[in-house]
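Here is a short note on backbone geometry for your review. Please keep the model open beside the text.

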Amino acid sequence: MLIKNRNNAKLIFITLITLVLFFNIFSNFSFSKKTDDVNDIENNSTYNCFTWRNINETDFTSPIKNQEFCKSSASFALIACLETKIQYTIGYPFYCDLSEAHLFFKSNGTCDKGVNISVCADYLKNHGVPDEGCFPYPERYCITPSFDNISAWEDRAVKIHDWGWINNDVESIKEAIVQHGPVCALINYSLSFVNYKGGVYEPKGKTRGVQWISIVGFDDNPGYWICKNSWGEEWGEYGWFKIPYDSDMITTGKYLDSENIPDDCNGVIFLNGTLRNLTPDVPIVKIYQPSLGFIYSNLFRDKKRFFKSNFFTERLTYTVYNNFLNNVFKKRFIDIRTPWVINSCMIEVCAVRYVGNVSVYIDDELKYNFTKTTFFTRISVDTPGFHTLKAIAYNDEGTKSVDIREFLVIK
């Protein structure tokens with residue numbers, strides 16, 4: 001009887017150990033990983049200064065991006081928060097680059113009117129967002145893009161577990177930043193903010209608009225938020241800025257009477273948890289030449305910068321385009337950052353990570369195939385006008401990623 005009981009005890013013990021190991025392995029499987037909080041950092045009351053740009057000397061934020069002429073700041077702010085959460089969950093920065101265009105346009109956003117951030121956040125929860133290679137961001141003004149997702153994007157999408165509004169007070173925002181990662185905030189901005197160059201910004205001037213940004217940290221001395229914008233690296237402190245706790249820049253935006261301001265908006269959103277494929281095994285491809293803001297000609301030894309980007313001049317160009325040129329002439333005009341090509345130019349395409357083959361197309365006609373990580377060649381297009389350069393990278397399993405660049409040929 002004693003032996004039988006011992007055998008039963010061993011069987012129960014082995015069964016319990018097996019179940020524990022099974023659930024431990026399953027819960028850490030990266031394809032279905034879920035986190036309710038991004039970190040195990042102590043309560044935020046112990047912090048007078050905290051930033052996701054420096055967690056034990058590691059920067060978990062992603063690079064600064066540029067929303068260009070499109071009113072898509074809501075998707076950029078949400079993606080900036082999510083990219084940081086993913087990189088912290090994985091444990092190291094790996095150039096996480098999710099598709100703002102997918103989130104924006106699939107949430108019924110349009111470049112002239114913007115998008116409701118609640119719809120975007122619900123989309124992240126219900127459907128998720130894939131990497132940039134599935135749906136590259138359009139670089140010139142459009143109401144809706146001509147390009148759509150590549151197939152099977154769902155297999156490489158990341159979801160969130162949930163999201164919610166945060167009380168618009170200093171302690172609530174600080175707690176959310178530490179416990180959940182960077183948060184999204186809606187701010188008023190004036191012309192002085194557009195021309196901001198660095199330091200702690202002191203608001204002044206008449207409100208010109210609102211912008212969704214991400215807050216990645218704080219400093220109690222002297223008391224400011226560390227923030228990330230989506231106006232490119234040439235704005236502010238290489239795309240970053242600081243605003244005082246008491247600046248009153250964070251707003252509900254309800255005075256705008258806009259359909260894209262949620263009814264329950266109190267100005268600050270947090271994201272909770274990350275689900276599904278955080279690090280898909282997909283190639284990364286980027287077109288580096290022709291580059292935005294350059295003119296290409298043999299007269300200029302192949303390239304010369306003819307426009308220095310800043311938000312004010314880009315917004316001015318957009319306003320002129322939208323309110324005058326398009327309405328009067330009813331035709332497509334060049335955006336000021338579109339590359340110009342006179343006679344010919346060099347193209348440069350780089351592909352990294354799980355790359356088997358890269359195909360380069362001009363106006364959907366296959367021109368080149370290569371297997372190297374970097375490809376250079378000179379192109380000449382006879383037909384003047386707008387043209388599209390497309391690079392598609394494939395891995396050995398046939399999974400692909402895309403990058404697109406429009407350019408203008410002048411003859």
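1. First, the exposure terms. A residue is buried under 20% relative accessible area, exposed over 50%, and partly exposed in between, using a 1.4 Å probe and protein chains only. By that scale, Ala152 is partly exposed, with a relative accessible area of 43%.

2. Some ground rules. This is a predicted model, where local features need pLDDT of at least 70, side-chain atom pairs count only at pLDDT 80 or more, and totals for chains, interfaces and linings use all residues. Residues are numbered from 1 along each chain as its sequence is written, and side-chain values use heavy atoms, without hydrogens or water.

3. Ala152 deserves a look at its backbone. Its phi is positive, about 60 degrees, although Ala152 is not a glycine. Ala152 sits in the loop between helix H4 (117-126) and strand S2 (158-159). Helices (H or I, at least four residues) and strands (E, at least two) are DSSP runs, numbered from the N terminus.

4. Asn56 also has a positive phi, near 55 degrees, and is a residue other than glycine. Look for Asn56 in the loop between strand S1 (49-51) and helix H2 (73-90). Is Asn56 buried or exposed? Asn56 counts as exposed, at 74% relative accessibility.

5. Next, Pro222. The peptide bond from Asn221 to Pro222 is cis, and omega is near 15 degrees. Pro222 belongs to the loop between strand S5 (207-219) and strand S6 (224-228).

6. Last, Pro290. Gln289 and Pro290 are joined by a cis peptide bond, with omega about 0 degrees. The loop between strand S10 (284-289) and strand S11 (294-296) holds Pro290.
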